[in-house]
Amino acid sequence: MNLKPKLISSAIMSSLMLMPYAVLAEEDAIDTGKMTVTGILPDRLESVPGSFDIIDEEYLEERRPISNIERMRSVPGVHVVADGSMGFDTNIGIRGQNPRRSAKTMIMEDGMPLQLAPYLDPVVHYTPASSAVSRIEVVKGAGQILYGPQTLGGAVNFITKPVPRNGEIEGSVSTVFGNQDYRLLHGNVGFGNEIGGVMFDFTQNKGDGIFKGGEFDVKDYRFKGELNITDRQTLGLKLVHTRDRRNQTENYLTIDEYDRDPFSHPTVDLDDWEQDRDVVQLSHIFEVNDNLTLRSQAYYTDTFRNGLRASNTGRIDGDGFSSSRLRSCPAAGGGTILASEVGDVSICGGRHAPRQYYTWGAETRADFGHSLFGLENDAIVGIRYHEEKAHRQQVFATNPAQREDYKLALIEGEDREGSRLDAQAISYFAQNTTYIGNWSLTPGFRVEDVRTTDKDEFTGEKENDNFTEFLPSFGVAWNGIANTTIFAGVHEGISPARADREFTADGGRAEPEESTLYELGFRSAYFNGVVVSATLFHNDIENTVVDNGATFDNSGESEQQGIELAGRINFGDIYGTTNNFYISGAYTNLWTAEYKKAENPDNDGNRMQYAPEHLLNLDFGYEHVSGINARMGVQHVSKQYVDDENTRDELRDGENPERRTGVAGIIPSQTIWNASIDYRVPNSGVTLFAGVENLFDKEYLASRNEGKLPGRERLFFGGITYDF
């Protein structure tokens, strides 16, 4: 990894300024002998003037989720599309926003952006493994204004496990095996005391993908260190290296290929995905006094990814069968060659898309209490400087040698394209909570000052874009009933346009999406053994971006409106028994998600892309103090439209219905069952666990992005964890 001088200068600046770490405030803490876990939610959760959800360590340990799909579906308002082998390609949409590559959701790890390039190309091909995560926070209300730039629907923060600080060596070892050749290996060891500590973490996920013959092997290496330089100051360092290799295509099946065998792809042996990601994150926390904490972070990411597609969307062969179209196959006669017409697809080339991303930045914030006007107040004030560079290339390999070596293809291949993108952004943010009796009032704002440049490296054409957005927020919370909060809020949000892929109707640079989101809700633990929450929301968006496949285009306005419900009933707490039967669930009714004033008036009132009306996650479980925890759950997703025209007939494919590509049509509703059980052997540190996803092996359609993609088949897995 080549650390650029700007990373070093950012780190030095951050350390000298003694400014804040990239988190809002310390979480409610339990003395576990570890450094307090921090996140994007404040200490006083009862005063948060908006909706939020927390997936805590206990949930993660009991469920043993194997991918983001299982991790996030328990959160109301969150829609996760299973696009890829094990959910490595994160597709999270919140409250009706298109989930494709999570481009409309702010995704973070320990407060640092996870998008490849948050302003230029905000896609996510990575999130930390469940084994490395201790907590997940989802903020959907006015509080998300402190994080950006994506603030349309919500923010997700993955909090990694803390460094042990109790003077003893701590760690764990886990191994998991399942069908579909699924294997997981995780190891973690650390030591720390009152001076500081270190921790090493390794995870490997390996197995078969969605299609037969597809394989994945993802390795994640981590180091975390902390040093108390004084009684009130702590330095932190985190290093991450991820190596991601998959036989996975981003081109899926035609209608006829899917009908013949939804789990067989003609070019799966040739398709390839590789991603290497390196991260450095520096932090400094300075507790100046009991009322003021300064936190800072400097971060740097270096990500390279290349996706090789050996095939493209389909065409009809001589027998009337829709088949994937091979990319660049001179050995078979050139031109458009279909997989069904070639005996040996390995003689063909393919399309490489090598892309290099660099991001770096420094953030500083102050978290302090004050008594303006004689009232108790908590305030946050901060600033972030962020830069990113991207080099996006594409080239067609014309033979197997070029297909297997993208560097050779860049020299000898055909139809090479390339663009270099740059962005600089300064973000200012502030929020103040005033406490008046049972009330808390929280105004805030965020300013995004952004400069972007994209340049075609072959033609030399260059385009600049500058914009400044002021995003205010206001929320109120009332705690006049025990263990209950009633809240309301409003905030403005944006999603910046991608520099070279989002356009206006006349082909110009797209405008950022701009939203105004309203919330009204409550959360309560008033009754013993019962936790419940409900939130009404309404979102108005201007310059709505529509996914048209190769490009993303501004298309008028849109509106999203609905309700989120979540809760859990612990019958053991209600009846005072050691046998606890429980029911937990999350439900979203997105009754409105429609286009308004669309560029094509015929689309006014149509349902938005990948915006199901109903989302349901329901669990029935049993747990006992002896260490047993068993659960059965069900997830339901109602039907989805995949284009702004709300095409219902999959045989109609825009202007080319004869191609039968599978990209058009609806995604039918799906109901999937799963189950898990784990047993913590008393006084041993050993936990045995097993689970099954898609319990009844239901065949269902997950996505139509560039063809038809099935959901994962039934997966059994079992394993053992030893904590020491």
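A polar contact is a pair of N or O atoms within 3.5 Å; within protein, one must be able to donate a hydrogen and the other to accept it. The side chains of Q248 and D89 are joined by such a contact, at 2.8 Å. The model is predicted.

**Residue Q248**
- Q248 sits in the loop that runs between β14 (233-246) and α4 (255-260).
- Q248 counts as buried because its relative accessibility is 12%, and buried means under 20%.

**The second largest pocket**
- The volume of the second largest pocket is about 1,300 Å³.
- This pocket is lined by 43 residues, of which D53, I54, D56, V531 and R568 are the closest to its centre.
- Elements giving two or more residues to the lining include β3 (52-55), α2 (57-63), β28 (530-542) and β33 (614-624).
- The most is given by β31, with six residues.
- By residue class, the lining of the second largest pocket has 17 nonpolar, 14 polar and twelve charged residues.
- Domain 1 (45-160) and domain 2 (168-310 + 349-723) each supply at least three residues to this lining.

**Aromatic pairs**
- The count of aromatic pairs comes to ten.
- Y300 and W360 form a stacked aromatic pair, with 6.5 Å from centre to centre and 25 degrees between the planes.
- This pair links distant parts of the chain, as Y300 is in strand β16 (residues 292-309) and W360 is in strand β20 (residues 350-370), 60 residues apart.
- Y300 and W360 are both buried.

How values were computed. Residues numbered from 1 in each chain as written. Predicted model: local features only at pLDDT ≥ 70, side-chain atom pairs only at ≥ 80, totals over all residues. Heavy atoms only, no water. Helix = DSSP H or I, 4+ residues; strand = E, 2+ residues; numbered from the N terminus. Buried < 20%, exposed > 50% of the residue type's maximum accessible area, 1.4 Å probe, protein only. 1 Å grid on protein atoms, 1.4 Å probe; cavity = no way out; pocket = protein on both sides within 12 Å on 5 of 7 lines; lining within 4 Å. Points joined across faces, edges and corners; volume = space filled by probe spheres on them. Nonpolar A, V, L, I, M, F, W, Y, C, P; charged D, E, K, R; others polar. Domains from an automatic or database assignment. Phe/Tyr/Trp six-rings, centres within 6.5 Å; stacked < 30°, edge-to-face > 60°.
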